[in-house]
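Please find below a colleague's note on the model under review. The points follow the sheets, the loops, the side-chain contacts and the surface in turn.

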Amino acid sequence: NRPPQNVDATIGFFKTGSPVNVPVQGPVPATVSSVTISGRVTRANGQGAGSVYVILIDASDNRRAAFTNPFGQYSFDNVLTGQTYMVGASSKRYNFPDATAVVVNDHITNLDIAEIP
């Protein structure tokens with residue numbers, strides 16, 4: 001389901017001669033196309049901030065939202081790789097920094113957001 005790419009193959013000889021590298025067409029390595037972004041939202045004292053609205057915005061201005069659990073943890077599943085997203089937090093009780101840009105190429109498990117004291 002992916003086009004081939006140029007790769008080097010090594011040909012080894014059974015009895016004589018050194019191995020030889022030759023260019024061949026080979027499969028493209030599989031890439032992760034859908035990943036998870038998760039992290040923790042904390043208050044100024046380091047404790048988790050529950051019921052905080054966390055937003056994920058892609059380059060086309062498509063928005064996804066999640067609420068933190070009582071420990072401040074949140075997660076976005078099925079995020080497409082190879083894109084830049086804006087991630088930010090909002091709450092009536094706490095003050096958070098502006099959304100920050102994040103380039104997503106693989107799973108992100110520690111995208112933490114801390115309250116501004």
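**Notes on the predicted model**

1. Asp 61 is partly exposed because its relative accessibility is 47%, where buried means under 20% relative accessible area, exposed over 50% and partly exposed in between (1.4 Å probe, protein chains only). This residue lies in the loop between S4 and S5; strands are DSSP runs of E with at least two residues, and helices are runs of H or I with at least four, numbered from the N terminus. Phi of Asp 61 is near 65 degrees, a positive value in a residue other than glycine. Most residues other than glycine have a negative phi, and most peptide bonds are trans.

2. The model is predicted, and local features need pLDDT of at least 70, side-chain atom pairs count only at pLDDT 80 or more, and totals for chains, interfaces and linings use all residues. Residues are numbered from 1 along each chain as its sequence is written, and side-chain values use heavy atoms, with hydrogens and water left out.

3. Asp 61 also takes part in a salt bridge: its side chain meets that of Arg 63 at 3.2 Å, N to O. The term denotes a side-chain nitrogen of Lys or Arg within 4 Å of a carboxyl oxygen of Asp or Glu. The structure holds one salt bridge. With a relative accessible area of 52%, Arg 63 is exposed.

4. Four strands form an open sheet in the order S5-S4-S7-S8, with antiparallel pairing; two strands pair if DSSP finds at least two bridges between them. Strand S5 (63–67) and strand S8 (100–104) are the edge strands, and each pairs on one side only. On average, neighbouring strands of this sheet are turned by 30 degrees against each other, direction ignored. Axes here are lines fitted to C-alpha atoms, for helices over the stretch in contact, and angles run from 0 to 180 degrees between N-to-C directions.

5. Within that sheet, strand S4 (residues 53–57) and S5 run antiparallel and are joined by five bridges. Tyr 53 has Phe 67 in S5 as its bridge partner. Strands of a sheet pair through backbone hydrogen bonds, either parallel or antiparallel.

6. A further open sheet has three strands in the order S6-S3-S9, with mixed pairing. Strand S6 (73–80) and strand S9 (113–114) stand at its edges with a single partner strand each, so one side of each is left without a neighbour in the sheet. S3 and S9 pair in the parallel sense over two bridges, and Val 41 stands opposite Ile 113 in S9.

7. Ser 51 is placed in the loop between strand S3 (34–42) and S4. Its phi is near 60 degrees, a positive value in a residue other than glycine. Is Ser 51 buried or exposed? With a relative accessible area of 58%, Ser 51 is exposed.

8. Asn 69, in the loop between S5 and S6, is 18 residues from Ser 51 in sequence and 6.1 Å from it in space, C-alpha to C-alpha. Asn 69 counts as partly exposed at 27% relative accessibility. Asn 110, in the loop between S8 and S9, is 37 residues from Gln 73 in sequence and 9.9 Å from it in space, again C-alpha to C-alpha. The relative accessible area of Asn 110 is 57%, and the residue is therefore exposed.

9. There are three aromatic pairs, the rule being that rings of Phe, Tyr and Trp (its six-membered ring) pair if their centres lie within 6.5 Å, with planes under 30 degrees apart counted as stacked, over 60 as edge-to-face and the rest as tilted. One of them joins Tyr 74 and Phe 76 edge-to-face, at 5.9 Å centre to centre and 65 degrees between the planes. Tyr 74 counts as buried at 4% relative accessibility, and Phe 76 is buried with a relative accessible area of 2%.

10. On the surface, Ile 11, Phe 13 and Val 20 form a nonpolar patch with about 250 Å² of accessible area together. Patches are made of residues with over 30% relative accessible area and no salt bridge, like charges being joined within 9 Å and nonpolar side chains (Val, Leu, Ile, Met, Phe, Trp, Tyr) within 5 Å. Accessible areas come from the Shrake-Rupley method with a 1.4 Å probe, and for residues only the protein chains shown count as cover. Ile 11 is found in strand S1 (residues 5–11) and counts as partly exposed at 40% relative accessibility.
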